[in-house]
Amino acid sequence: MTQATDVRRWTPLELNEHFLAGSPLVLLDVREDLERHYCTIDAPETILEVHVPIGEVSKRLDLLRRCLDGRPLVIYCHHGVRSLATARWLAAQGLEDVVNLEGGIDAWSLTIDPTVPRY
């Protein structure tokens, strides 16, 4: 699923700044169902949260396009590797304003919210 297309990258601190500012965005979790059941990023109500496991992203491309409505798409996984591959692929498909969360939910737990279990 990787492509040469580069995408923007936000640190957990940058994402949290957007959360605190009430910025509308789409937060896409590409982890598997079991990972999502274990922990998630607790996003404010201004955020549209979407869960599409990485293996289903290509089949759900139209859904993702409809969700954006001019909002940035921030993608995360466990450590940021799967989300970066997904972000590059989506950008290559023409989606604009695609952002990878550097370090994934693990970095979020270490930097922003220590109540999010690490695995």
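Helices (H or I, at least four residues) and strands (E, at least two) are DSSP runs, numbered from the N terminus.

Before going on, a word on what we are looking at. This is a predicted model, where local features need pLDDT of at least 70 and side-chain atom pairs count only at pLDDT 80 or more, while totals for chains, interfaces and linings use all residues. Residues are numbered from 1 along each chain as its sequence is written, and side-chain values use heavy atoms, with hydrogens and water left out.

Now, the sheet. In what order do the five strands of the open sheet lie? The order is 1-5-4-2-3, and the pairing is parallel. Strands count as paired if DSSP finds at least two bridges between them. At the edges sit strand 1 (8-10) and strand 3 (47-51), each of which pairs on one side only. On average, neighbouring strands here are turned by 30° against each other, direction ignored; the axes are lines fitted to C-alpha atoms, and angles run from 0 to 180 degrees between N-to-C directions.

Back to our opening pair of strands. Strand 2 (residues 25-29) runs parallel to strand 3, and five bridges join the two. Besides the pair I began with, valine 26 stands opposite leucine 48 in strand 3.

Next, charges. How many salt bridges does the model have? The count comes to 10, where a salt bridge is a side-chain nitrogen of Lys or Arg within 4 Å of a carboxyl oxygen of Asp or Glu.

Let me take arginine 36 as an example. Its side chain meets that of aspartate 29 in a salt bridge, 3.0 Å from N to O. Is aspartate 29 buried or exposed? Aspartate 29 is buried, with a relative accessible area of 1%, whereas arginine 36 is partly exposed at 22%. For these words, buried is under 20% relative accessible area, exposed is over 50%, and partly exposed is in between (1.4 Å probe, protein chains only).

Arginine 36 also forms a salt bridge with glutamate 49, with the closest N and O atoms 3.9 Å apart. Glutamate 49 lies in strand 3 and arginine 36 in helix 2 (residues 33-38), so this pair ties together parts that are 13 residues apart in sequence. Glutamate 49 is partly exposed, at 35% relative accessibility.

Another salt bridge joins arginine 88 and aspartate 6, the closest N and O atoms being 3.9 Å apart. Arginine 88 belongs to helix 4 (residues 81-92) and aspartate 6 to the segment before strand 1, 82 residues apart. Arginine 88 is partly exposed at 22%, while aspartate 6 counts as exposed at 54%.

Finally, the aromatic rings. The whole structure holds two aromatic pairs. One of them is tyrosine 38 with tyrosine 119, edge-to-face, 5.6 Å centre to centre and 80° between the planes. The rule is that rings of Phe, Tyr and Trp (its six-membered ring) pair if their centres lie within 6.5 Å, with planes under 30 degrees apart called stacked, over 60 edge-to-face and the rest tilted. Tyrosine 38 sits in helix 2 and tyrosine 119 in the segment after helix 5 (104-111), 81 residues apart.
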